[in-house]
Amino acid sequence: MNREQGFGLRFLVRREDAGRLLGFLRPRIVEAHGSQLSLLFNGGHVTVDGRLARPEDTIVAGSEVELFLPDHNEQPVATNWQVLWGNDELLAVFKPHMLPVSRTTRNLYNTLISLVRRETPYEDARLLHRLDTETAGVILLAKNRAADQKWKPRLDQLIVRKIYHAWVTGRPDWQERLYECFLSEKPGSLIRSQVYVVPTNESKLYLKPRYSKTAFRVLYSESGRALVECELYTGRKHQIRAQLASLGHPLIGDKLYAHDGHFYLKRIDHGLTQADYESLGAEHHLLEAVQCVINPEGKEVIINSKPTNESESPEQPFKKVCLLSS
């Protein structure tokens, strides 16, 4: 379907999904669009293998169903996700920068979980944890509800180690640093989602401070920036971003924790310009979950966001991202 306005969805019919077309579509779209299916069929917005379809049509394995939503648009996202590892219950995938993991106000279908459900046999896949929209890297999913119910309460036992790489502004005057602090949102904060490092003896001024711990190690540095390895010992909201900012080295491209949140607020009110992105240093913050070590069956599995045979010098990842300033 080649339409200038609207949004298209494409589904590949698997053997277990063969049957009535209407019954196939309903659980795969949001309720608001499900209530419009009769209109969409009548308007010629549903096809099977390129031919106009009717609700009573039967679909078979291998068929390609396309549904066009003429009054729906979504924010463009990076869709180059890929499967990294899996077993009978779990799936590890690579999430690119600028792909939300689940529904947002702007995206109902262009999300990681929706793409996985549409493009793999795991149409009941569930997120076991989250990554920020702008963060790339390894993320774990359960293949179905039963696996989700089994592993989500045991996530701390499943995940043995989590390593991130962060490009930060400035050159730290330390090579390694173990950082322990309490993190919390703050009443009256201009940015409600912002997390703060709680000063000693000021916990009463913050909402539910939570202990956090990260090990930082500088891998590479050059004029004005450094690549820092971050090993998480706890998994708090914005943990790496807030801690590095409090150390004076916010992530390059971080709209919330760099420049005192100026660009975060400006994006909401007016949108950002090319000059703004040049000031930020990148179109998205430069943070990637590069390795996740799990222990699902009594044997550790190391999952990397890049193939282990991919060799590159430390500065190369910096050159690959959409960096705008040098």
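This is a predicted model: local features need pLDDT of at least 70, side-chain atom pairs count only at pLDDT 80 or more; totals for chains, interfaces and linings use all residues.
Residues are numbered from 1 along each chain as its sequence is written, and side-chain values use heavy atoms, with hydrogens and water left out.

**Exercise 1. The whole chain**

Work out how the radius of gyration of the protein chain stands beside that of a compact globule with 326 residues.

*Step 1.* The radius of gyration is taken over C-alpha atoms, and the globule rule is 2.2 Å times the number of residues to the power 0.38.

*Step 2.* For 326 residues the rule gives a value near 20 Å, and the protein chain has 22 Å, which agrees.

*Step 3.* As for the extent of the chain, its C-alpha atoms fill a box of roughly 65 × 50 × 45 Å, taken along the principal axes.

**Exercise 2. Aspartate 17**

Decide whether aspartate 17 is buried or exposed, and find which residues it touches.

*Step 1.* Begin with the place of aspartate 17, which is the loop between strand E1 (7–12) and strand E2 (19–20); strands (E, at least two residues) and helices (H or I, at least four) are DSSP runs, numbered from the N terminus.

*Step 2.* A residue is buried under 20% relative accessible area, exposed over 50% and partly exposed in between, with a 1.4 Å probe and protein chains only. Aspartate 17 counts as buried because its relative accessibility is 13%.

*Step 3.* Leaving out residues up to four places away in sequence, aspartate 17 touches Phe24, Arg28, Ile59 and Glu123, where contact means heavy atoms within 4.5 Å.

*Step 4.* The side chains of aspartate 17 and arginine 28 make a polar contact (3.3 Å), that is, a pair of N or O atoms within 3.5 Å, in which, within protein, one must be able to donate a hydrogen and the other to accept it, and residues adjacent in sequence count only if both atoms are side-chain atoms.

**Exercise 3. Helix H7**

Explain why helix H7 (239–246) is described as largely enclosed by the rest of the structure.

*Step 1.* The buried residues of H7 are Gln239, Ile240, Arg241, Ala242, Gln243 and Leu244.

*Step 2.* These are six of the eight residues of H7, so the helix is largely enclosed by the rest of the structure.

*Step 3.* The buried residues of H7 pack against several strands, including E11, E15 and strand E14 (207–222).

*Step 4.* After H7 comes glycine 248, whose phi is positive, near 90°.
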